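Visitor: Could you walk me through a few local details of this one, starting with how burial is judged?

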Amino acid sequence: MDNQDTPRGVAWHYGDPLVEQRAPFVVDRSDRVVAKVSGSDRLSFLNNLLSQKLDDLVSSDNSDDAAWVQRREALNLDAQGRVLQHMTVWAVGDEVYVECARAGSQELFDYLQKMIFWSDVQIEITDLAIVTTVSDSPAEPLDCCVASASYPLGVASGPLVTDLLVERSALLDAASLLVEQGYRLAGLMAWEAERVMAVMPEVGVDTDTTTIPHETYAFVKDQRAVHFDKGCYRGQETVARVHFLGRSPRTLVQVYLDGSVPKLPAPGTPITAGGTRSVGVLGTVVDHADFGPIGLALLKRSAVGKQLAAGECALSVETDTADLEETKGAGREAIERLRGGK
């Protein structure tokens with residue numbers, strides 16, 4: 001693929017896409033949108049609306065360090081518990097920021113704005129941008145950086161990611177400083193390859209209009225984006241029902257694609273088993289430096305291990321990424337005891 005801008009407005013690569021995937025590297029993720037949420041009710045307001053527990057997200061009100069930073073991931077769900085947006089909530093000193101993908105951002109911030117009512121909350125889009133490093137150690141904070149936070153990209157293993165929040169006008173300076181520190185400049189393709197390996201979805205690409213949180217292990221593992229013991233929020237009934245009584249019928253998995261086909265299937269291509277039966281849909285597809293074409297797929301659990309294809313392209317599932325645990329929720333076990341089940 002030629003060096004070009006993606007539809008998201010950042011470079012896909014800088015001329016050597018497979019070499020760029022070798023960590024440590026730095027990638028421009030300024031296609032994301034960052035909004036500032038201020039006012040005395042900012043944390044309780046977000047806590048009441050989103051899937052994550054946020055009312056105890058520490059800011060400098062409780063810290064001696066004005067530069068102290070905490071981040072948590074959260075989801076915005078509809079009334080049926082379907083995933084609408086995935087975001088990161090940052091507490092930076094007295095400030096709270098909500099960062100999300102550009103796609104769906106207008107819908108998210110319109111929703112938050114409509115729900116303010118009498119709360120002491122103000123929401124404004126900022127001119128902040130995200131620069132991300134991928135390495136085996138956290139990136140050092142930069143003088144031009146508003147905040148930074150490090151976290152593992154995957155739920156089990158994988159690289160350590162550091163997101164740096166910078167003014168958009170300082171984006172090039174931040175990238176240049178990181179390159180001087182030894183990070184390779186990489187395009188978004190390198191980030192997408194790491195994201196697929198970590199089975200971390202991009203909402204709207206790797207999910208559909210009926211996706212619920214439990215279909216994505218990365219959202220629910222260790223309550224990464226969904227908290228199971230907080231109070232009510234929109235969509236919480238579905239989350240609780242699946243968590244305590246059953247499991248989702250589908251699961252997001254990493255797949256390997258047959259690179260010998262003339263053209264790789266596009267995101268949204270139906271996945272079939274046995275040539276005819278539809279069992280899922282293909283999401284992100286990207287060339288990995290070591291594994292060739294890989295992708296994410298939302299599959300029926302019963303389809304894992306079957307012979308699969310997306311159009312004319314054969315697929316195989318990385319079974320280690322499939323959430324196939326047979327454990328029963330506490331609610332289901334209680335029902336079976338009441339019914340005399342084992």
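Guide: Buried means under 20% relative accessible area, exposed over 50%, and partly exposed in between, with a 1.4 Å probe and protein chains only. By that rule Cys145 counts as buried because its relative accessibility is 15%. This is a predicted model, in which local features need pLDDT of at least 70 and side-chain atom pairs count only at pLDDT 80 or more, while totals for chains, interfaces and linings use all residues. Residues are numbered from 1 along each chain as its sequence is written, and side-chain values use heavy atoms, with hydrogens and water left out.

Visitor: And how many disulfides are there?

Guide: Taking a disulfide as a pair of cysteine sulfur atoms within 2.5 Å, the count comes to zero. Cys145 is in no disulfide, and its nearest cysteine sulfur, that of Cys144, is 6.7 Å away.

Visitor: Is Cys232 buried or exposed?

Guide: Cys232 is exposed, because its relative accessible area is 64%.

Visitor: Switching topic, where is Glu73 found?

Guide: Glu73 is found in strand E3, residues 69-77, where strands (E, at least two residues) and helices (H or I, at least four) are DSSP runs numbered from the N terminus. Glu73 is buried, with a relative accessible area of 4%.

Visitor: What does Glu73 touch?

Guide: Not counting residues up to four places away in sequence, Glu73 touches Gln52, His86, Met87, Thr88, Met200, Arg224 and Ala225, where contact means heavy atoms within 4.5 Å.

Visitor: Which residues of helix H3 are buried?

Guide: In H3, residues 171-180, the buried ones are Leu171, Ala174, Ala175 and Leu178.
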